[in-house]
Amino acid sequence: MRFFLMILAVVAALSSVVRADDAEFSADTIRSLLDAGDHAALEAQFVAAHQAALKARDFTPMRTVYSTLFATANHARLQQVEGWQKAAPDSAYAATARAWSHIHRAFLLRGTNLVRETSGEALAAFQGEMMLAAAAVDTALGSAPDFAPALDASLKLKRAKVDQRDPIPQIESLLQIAPDQHALELALDTADPRWGGSVEQVMQVCERYAPQVPGYTPELCKVQAVLGLEIQGPLYVEALAQLEKLTEPQLDHLRLRAYLREWSDRPNAATEAMRLHRQSLTTSRQSKYTTAMIGFLFDQPDFVREMNLAQDKLAEKRLQDSPDDSDLLRDRVRYGVDQWIATWAAMPSDAPAPELNDSALEAMWRRSLLLGQFQADTWDLGQVLTDARAGDPDTAHIEKFWQNRVHYSNYALGVMSEHTRNLLERFYKASDLRARPDKPDQQRGAIAESALRCPLVRAARLLELVCQGAPEQPECRASDLAPLRGVRMGIADCPWESSAPLEELAYTPTPIDYFLTD
């Protein structure tokens with residue numbers, strides 16, 4: 001009897017593997033196998049899909065699985081992948097999954113701002129994740145040099161200058177096994193003049209590799225490259241003229257951008273911009289910017305509300321596979337706060353602000369700290385959310401949000417100026433409150449004014465320092481700084497803030513543990 005039961009168990013296990021191997025290669029199938037920890041079935045699925053992709057010279061299904069499941073911020077899934085890699089140390093597929101996860105995490109930690117507006121902590125975290133990605137890519141290509149998603153990741157690392165080796169071997173390998181638009185775009189990215197490439201390299205990529213992609217020509221490639229990489233000058237003017245003559249759908253995103261810029265005064269600009277944006281809507285920063293620009297340029301508030309809602313739904317869905325994605329989490333919180341503001345705006349002018357008491361928004365903001373703590377936007381949103389929920393928040397508590405925002409913006413002029421002027425505005429309001437005849441108002445005003453005096457002096461001196469490096473900027477005009485300097489000079493009871501060396505005044509960011517506790 002025991003022997004018979006053992007035979008049944010073996011047959012059941014084998015049939016389970018057969019069913020897994022026979023299942024369609026898709027994100028749903030791979031997700032289920034990861035959840036089950038079935039590493040043998042995972043390998044079988046990827047091996048079969050890899051061979052099919054090589055035969056068809058089309059890696060689209062595999063790229064879709066990697067972008068859906070692994071180019072994500074999902075700590076639990078990353079642990080699953082690490083378990084898969086441990087069970088199959090030479091697996092190119094597990095290594096590539098790890099690589100894409102670390103690449104995605106790296107860009108969340110770094111953000112998209114210029115280096116001068118990015119903190120040292122963000123750059124160090126970015127580099128650390130990218131080094132993990134680079135090691136995983138080396139493992140993957142060492143086991144399967146003909147695996148397109150690993151080659152894709154390799155070229156992504158080269159564009160970010162994490163891997164300084166010549167990209168040509170990877171580009172040629174990729175085009176040999178997957179000659180498509182995606183491969184060509186990755187090749188162009190490695191030549192991007194904004195990331196250390198040159199216009200000459202861009203033109204060489206188009207001349208050399210576009211003929212290898214079915215349906216592509218060097219001319220089409222150059223139009224896409226010059227406009228997409230925003231290579232200014234005569235080349236841009238010529239490419240824009242060519243764009244009007246071309247009908248290829250892969251250029252639609254460039255047409256959309258033209259309707260927001262050079263073609264914005266055309267009679268059909270609003271209609272075409274809205275049509276193109278609807279069919280290409282994503283949760284990306286660029287897509288959100290496009291929504292805002294269409295509303296601004298063409299006065300389309302209903303369209304903006306429609307797109308904002310649609311983008312919120314897309315973010316909600318994407319969070320199922322990328323639950324730790326700080327960008328998506330911030331987007332959803334921002335949408336919730338914007339809805340609260342819209343509700344308030346629709347109320348009578350003398351009505352008090354409604355209290356924002358949504359624990360789900362607070363939970364999402366806190367979760368965004370794990371990978372978004374080095375982004376100034378995270379702290380801006382946290383401060384707005386706290387203001388909305390608390391009504392009359394504690395000055396010292398709010399100041400922690402502002403100081404983190406300033407620090408992680410690397411003392412960007414716009415952020416430093418906004419912080420200082422916010423303090424000044426609150427100081428004026430507190431002074432006005434203290435001057436009222438009502439005694440409780442006087443007391444509240446005096447307490448608030450006292451709490452704001454020294455932070456204002458400190459911020460004002462820091463702003464003056466930042467302005468020394470950008471005296472031509474509007475925020476640094478003498479006429480604008482004069483009221484601030486006058487208030488600062490009139491405050492005599494903040495000796496450290498008034499006289500300490502400027503380097504000592506720099507803010508020390510508050511650790512995220514402070515914000516994660518109730």
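Modeller: Glu 449 is buried, its relative accessible area being 8%; here buried means under 20% relative accessible area, exposed over 50%, and partly exposed in between, with a 1.4 Å probe and protein chains only. Before going on, please note that this is a predicted model, in which local features need pLDDT of at least 70 and side-chain atom pairs count only at pLDDT 80 or more, while totals for chains, interfaces and linings use all residues. Residues are numbered from 1 along each chain as its sequence is written, and side-chain values use heavy atoms, with hydrogens and water left out.

Now to the partner: Glu 449 forms a salt bridge with Arg 453, at 3.8 Å from N to O. A salt bridge is a side-chain nitrogen of Lys or Arg within 4 Å of a carboxyl oxygen of Asp or Glu. Side chains of opposite charge can pair when their charged atoms come close. Both residues sit in helix α23 (residues 439-468), four residues apart, about one turn of the helix. Helices are DSSP runs (H or I, at least four residues), as are strands (E, at least two), numbered from the N terminus. Arg 453 is buried too, with a relative accessible area of 18%.

Helix α23 also reaches out to another helix. Glu 464 and Arg 488 meet in a salt bridge of 3.2 Å, N to O. Arg 488 belongs to helix α24 (residues 478-489) and Glu 464 to helix α23, so this pair ties together parts 24 residues apart in sequence. Both Arg 488 and Glu 464 are buried.
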